[in-house]
Structure formats: structure tokens, C-alpha cells
Amino acid sequence: MRPFTYSRPGDIAELRRLLATAGDDARLLAGGQTLIATMKQGLAAPEALISLAGIDELTGIRVEQEALVIGAMTPHADIVRSEEVRGRIPALTTLANEIGDPAVREKGTIGGSIANNDPAADWPAALLGLDAVVTTDRREWSASDFFTGMFETALAPGEVIVSVRFPVPRRGAYAKFPNPASRYAVVGVFVAEGADGTPRVAVTGAGPVVFRWAEAEARLADHGFRPDALDGLSHPENGLNDDIHASAGYRAHLIGVMTRRALTRLAAADEAAE
Amino acid sequence: MGEVNPIEIELTVNGETRRCRVMPHRLLVEFLREDLGLTGTHVGCDTAQCGACTVLWNGRPVKACNTLAVEAAGAAITTIEGLAPSPKGIADEAAWHPMQRAFHEHHGLQCGFCTPGMIMAAIGIAERHGDALDEETVRAELEGNLCRCTGYQNIVDAVLAGARAMTPAAQRGDG
């Protein structure tokens, strides 16, 4: 790994002062589970790392009106352990518990994951599926504006994610087909029925960036949240990722399978609740 | 680039407060093995996949090859050497951690290279699930620890037995 300078501000005001004087090549360090590995491989070589680990206000989970607010530096494992999350949006518990492996989940954070916006990451599907809001030190982004492309987000240079606000839906479920080695999503689908009844189907892993499957959402609006609402519908393979892990055609097929699987989980959760 | 200098950090390693100077790009696993001489923490893949470098960070398992030493400032790190603190070292069987004893009794190893990381990960599994632990959960949560010798059967048995031995009832002797 190439040498770099390191600083660890204690609050957001100090962080902003450091960012104002840092060069263009400074990077923010969250849990480091992607960034450190990338730097070890020489794929990233920032001149300065600014650690977010000392900023307490970035960590924690709270309930705010009809929403869950999760601090950017909250590790995936804390989200798995949270009774507030399990009680209100259990699909987030499931999703967080399937990221990487237990040791990676203890350090990796939700903010780090969405800032990196890996096309196969899980959190983007939850944010887009639940119509979440990303709060930064200077504004709020809706999930649909935030994820702009492969490893690209709407964040301006030096803009810091503070938290993610998930509106509590009527119900939601996540189903993913994990790569057996990395546990990243070959395809992952988050299906939600919003508080106003609107269906949302968000797909990660399949394309360059998370996207909604509008045709499936229309079917659910017309026929209800049932796997057979999608009968005869398949996703085209145009524009999907095609690599050593899976062909575009296979990913297109998996989108249909994972969407139906998420719908089956929704129905099972309803039966369990009755 | 500004001049890169070592940074002074204070942390707890195996219950002992240490004050050290480390370069920002020093990995936690390099710091433990090369600066502190705690070579029980192993480097297998060096890409955060195999889990041989797993240590406990404030009681929770993390991969020391994918973490900077400077980030551990203020943290309490436990390595395999810290599980059985005895002046006689690992030869003192009476001091073994229940999970170490379980790996010994169930022969949850062959070459032993993955074992320190396995035991740290296993302690994390036991802490997360306690009495409710079952075989399926053990197998799922050993995802981040690779063993290329055993086929895992004895490791899974050891984790289940070690987790039972770590419950409060077993620790009191009435379990």
C-alpha cells in the first residue's frame, strides 16, 4: 500500500475544515472494507485519508415519525442487531445479514457502501425500493437521484453522507442470488409496498447501477403483490451486465426469479403475521 | 503530498494498554505480528476472504488484514494469545478459553493454520447466538473463514460445543 497522511476529526465541523484544505486526492475512510482492499491492490492510492471513525454523530439508529434513520457510519452488523430495524423493516435485517461475512459486517458501513455504489452491492436496492432519502452535510438526495452510474453517485467532491432515512413501508422483502465467493449480488431484488400502497421493485447486481423494473411494478399495481402477478413477464437482457460471473441472459432470468422469490417472502410474512 | 509521519496511537491489546507509533498505512495484522510479535494472528489470503487474520475488536470479530492499525486507536483488541492468559502460555490447559478447549476436544483442525481465526470467528458466533445456536447457523456464519484441510465437520462440532460451554449456565458449572 502506498503511504498516505491520516487524520481523524472528532465532529463534522472539524471534518469540513479538514476537507476544505485537503487536496483533491483525499478520500474519506468509513469502514474500509472496500477502500482498504482496493488500496492494497494499488487500484486506489489516495494521498490523504480522513477517517470518519471519530465522529459519533454519524453512528446510530433512531426512529423518526414513520421512518428509520440510520447513521452513515453504522456497521451492517449493528443494523442486524437492531430491534428497531427488525420491528419496522425486517427486510433490512435480512439484507444486512447477507452482506459479505460476519467479520466484514462488523466494520463495513451503510454509508461507505452507498458512497462506493458498487453495482452489485445490496444497500442500493433497499434505498431505491423503499424510496429512501440520503442526508448529507449540505442537502437531501432521493435514492432515485443519488445512484447515478457504476461506482458513481450524485455526491459533490467533499460532500459527506450523514444518514439514510427509510420510510417504513406497509411491507417489503429482499431476495438475492449471491455470488458464492464474494456474497455480492449477482442479482438482488427489493420489493416494497409503500405506506401509500405504491409498489416498487428495485434491482441491483444486474445492471451498471441499481434500477426499478417498471413493468413488474405495473403488474403488482394491477394484480396485487403475488408471484403470479408476473406470469408471462420477463426482463429483457439489453443493457445488463455480462461478465465472468453471469451472462446478461442469465441475469435477466434471475431478475424474474428473485422478484418472484421476494413476493413469496412477502406473502409468507403476511401469513406469519395473521 | 504532505510528509507522511508515524502517528502515535494508544490501544488495548490482550488487556494491556499499549502506546505505539505506527505509519498510517500499517495494517492491523502487520502491527500485531511484526511490531508486537503476536504471530498467532495469521495472514492467509491477505484479501479479507479467508479469515485467518480474524481478531476481536471491542469483543467483535474483524479481519485484521483489511483494517488499518491507526483505526484501532482507543479500541480493545484480543488476539488468540489473549484468550488463555497464563504465565505458562498455551501449555496451561486449565487456562484455555472454552472455545479453544472445544477445538481441541473435537479436533477441529488439521494443519492448524486457519485455527486462530476460526476460534475468534467462533467466539463471535457464540456471542451472537448463545443458546439458540444450531448447525445451519454455524455453517452460514463460518462463511468468512476458510479451512482447506478438514471439510469443516469437526470445526462445526467444535463451534457448537464451544458455544454451549460459553453459556452462563455452563460457566457456572450447572449447565
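**Close-up 1. Lining of the second largest pocket.** In this predicted model, 23 residues line the second largest pocket. Nearest its centre lie Pro75(A), Glu106(A) and Lys107(A) from chain A, with Trp57(B) and Asn58(B) from chain B. The pocket volume is about 510 Å³. Three elements each give at least two lining residues: α3 and α6 (102–107) of chain A, and β4 (60–63) of chain B. Sorted by class, the lining holds 10 nonpolar, 8 charged and 5 polar residues.

**Close-up 2. A lysine over a tryptophan ring.** Lys107(A) and Trp57(B) are among the residues nearest the centre of the second largest pocket. The charged end of Lys107(A) sits over the ring of Trp57(B). The distance to the ring centre is 3.5 Å.

**Close-up 3. The largest cavity.** The whole structure contains 2 cavities of 30 Å³ or more. The largest cavity has a volume of about 50 Å³. From chain A, the lining takes Asp101(A), Pro102(A) and Ala103(A). Two or more lining residues come from each of α6 of chain A, β4 of chain B and α3 (115–129) of chain B. The largest share, 3 residues, belongs to α3(B). By class, the lining of the largest cavity counts 5 nonpolar, 4 charged and 3 polar residues.

**Close-up 4. Ile123(B) in helix α3 of chain B.** Helix α3 of chain B carries Ile123(B). The relative accessible area of Ile123(B) is 3%, so this residue is buried. Ile123(B) and Arg60(B) are 63 residues apart in sequence. In space, their C-alpha atoms are 8.5 Å apart.

**Close-up 5. The largest nonpolar core.** This core has 37 residues. The members that touch the most other members are Leu92(A), Ile114(A), Trp123(A), Leu127(A), Phe147(A), Phe166(A) and Phe190(A). Helices α3 (76–81), α5 (90–96), α7 (110–116), α8 (123–129) and α9 (143–146) of chain A each supply at least two core residues. The largest share, 5 residues, comes from α8(A). A second, separate core of 33 residues includes Tyr6(A), Leu11(B), Val13(B) and Ala64(B).

Close-up 6. Over all chains, the count comes to 4 aromatic pairs. One of them joins Trp123(A) and Phe166(A). The pair is tilted, at 6.2 Å centre to centre and 40° between the planes. Trp123(A) lies in helix α8 of chain A and Phe166(A) in strand β10 of chain A, so the contact ties together parts that are 43 residues apart in sequence. Trp123(A) counts as buried at 0% relative accessibility. Phe166(A) is also buried, with a relative accessible area of 0%. Both residues are among the core members that touch the most others.

**Close-up 7. Met73(A) in a loop.** The loop between β5 and α3 of chain A holds Met73(A). At 9% relative accessibility, Met73(A) is buried, because the cut-off for buried is under 20%. Met73(A) and Ala218(A) are 145 residues apart in sequence. From C-alpha to C-alpha, the two residues are 36 Å apart in space.

Note on methods
Residues numbered from 1 in each chain as written. Chains lettered and ligands numbered in written order. Predicted model: local features only at pLDDT ≥ 70, side-chain atom pairs only at ≥ 80, totals over all residues. Heavy atoms only, no water. Core = buried A, V, L, I, M, F, W, Y, C linked by side-chain atoms within 4.5 Å. Buried < 20%, exposed > 50% of the residue type's maximum accessible area, 1.4 Å probe, protein only. Helix = DSSP H or I, 4+ residues; strand = E, 2+ residues; numbered from the N terminus. 1 Å grid on protein atoms, 1.4 Å probe; cavity = no way out; pocket = protein on both sides within 12 Å on 5 of 7 lines; lining within 4 Å. Points joined across faces, edges and corners; volume = space filled by probe spheres on them. Nonpolar A, V, L, I, M, F, W, Y, C, P; charged D, E, K, R; others polar. Phe/Tyr/Trp six-rings, centres within 6.5 Å; stacked < 30°, edge-to-face > 60°. Lys NZ or Arg CZ within 6 Å of the ring centre and 35° of its normal.
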